[in-house]
Structure formats: structure tokens, C-alpha cells
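Please view the sequence and the model below before reading on.

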Amino acid sequence: LKAHNADKVRFPETSGFGIKPISQEGTARLSRAAIEYALVNNRRSVTIVHKGNIMKFTEGAFRDWSYQLAVEEFRNEVVTERESWILDNQDRHPEMTAEQNAAAVEPGFYMMTDSQKAELVSEVRGVLASIGESHGEAQWKDKLLIKDAIAD
């Protein structure tokens, strides 16, 4: 515990310390099982529930690894919530530029730095280039939606 500055804890006699093990393999096993179940049983979505807002190294990793597995192993059967927003914007407004789409997806777009904006516009272009044909024109609505929610 000294390696983690536990000796500098304000109330050491009344404080608790927890270790939360998490692995990419365990996350993959759980996420794969949830997605396979949802596909076999005609579910509309799988929600990745996490506390990634306050536990970035464990719960945030769980969320990220779950999304990664979904798009790598089930690309033709799934769409992430963010991808669905991008595709829906393009379906509804075909004349929309990538920058306009990015601004619609991210409400704080115009407060971002130039590099953040460029990264988001690149993401929009990437989604449209990689799955626009297979998921666009409302085809994404028939895919399993992968989304996340922060646990209470």
C-alpha cells in the first residue's frame, strides 16, 4: 500500500482499500456472450453498464473493450449508438458535410480545440467510409444496437 501512498491517507484506521481485478479476456467473454444471446434471441440492443466516469482504469476499460469486441467480431450485425447517430444524420440530410454531422453528434463541437474537432470529423468520415454502405440508408436500424450507460 505504501507504493500507492496509502500511508498519506487522512484517516488510515477508518479507511478501506479495494482492489478490483479486470481483464480484457474476461470482458471479451462476458460481452461476447451478451451479444450472441441478443442476436440469437432477436433483442434490439445490448447496454454496457459501467462506472467509467469515476473508475476510468477498470470500468472505462470494460466499456472500451466491450465496444472494441462488438465492432471487431460482430461488425455486420451491430451498430454502436454513436455510429447510429452519424448514419441517421447522413440518411436524413445527405447534403450534410462531415463537419456538420460531427457538430450534430457532439453538442460541444464548437467549443472544442481544432485538433479535437479534426479528430471528431475524422471519426465521422471513418464511420461513413467503413460502414456507410452496409449500415447506411437506414440499414443500421435492423442491426443490434450497442450502447453504454453509466450505472447509478
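The text below covers salt bridges, their place in the chain and the accessibility of their partners.

The model is predicted: local features need pLDDT of at least 70, side-chain atom pairs count only at pLDDT 80 or more, and totals for chains, interfaces and linings use all residues. Residues are numbered from 1 along each chain as its sequence is written, and side-chain values use heavy atoms, with hydrogens and water left out.

A salt bridge here is a side-chain nitrogen of Lys or Arg within 4 Å of a carboxyl oxygen of Asp or Glu. Searching the whole structure gives six of them. Among them is the pair Glu-73 and Arg-32, at 2.8 Å from N to O. Glu-73 belongs to helix α2 (residues 59-73) and Arg-32 to helix α1 (residues 24-40), so this contact ties together parts 41 residues apart in sequence. Helices are DSSP runs of H or I with at least four residues, numbered from the N terminus.

Glu-83 and Arg-75 also form a salt bridge, 2.8 Å from N to O. Arg-82 pairs with Glu-106, with the closest N and O atoms 3.7 Å apart. Here Arg-82 sits in helix α3 (residues 81-92) and Glu-106 in the loop between α4 (98-105) and α5 (114-135), 24 residues apart. Through shared partners, salt bridges join Arg-82, Glu-106 and Glu-123 into one network.

The table lists relative accessible area; buried means under 20%, exposed over 50%, and partly exposed in between (1.4 Å probe, protein chains only).

| Residue | Relative accessible area | Class |
|---|---|---|
| Glu-73 | 41% | partly exposed |
| Arg-32 | 28% | partly exposed |
| Glu-83 | 10% | buried |
| Arg-75 | 22% | partly exposed |
| Arg-82 | 27% | partly exposed |
| Glu-106 | 25% | partly exposed |

Technical notes: Helix = DSSP H or I, 4+ residues; strand = E, 2+ residues; numbered from the N terminus.
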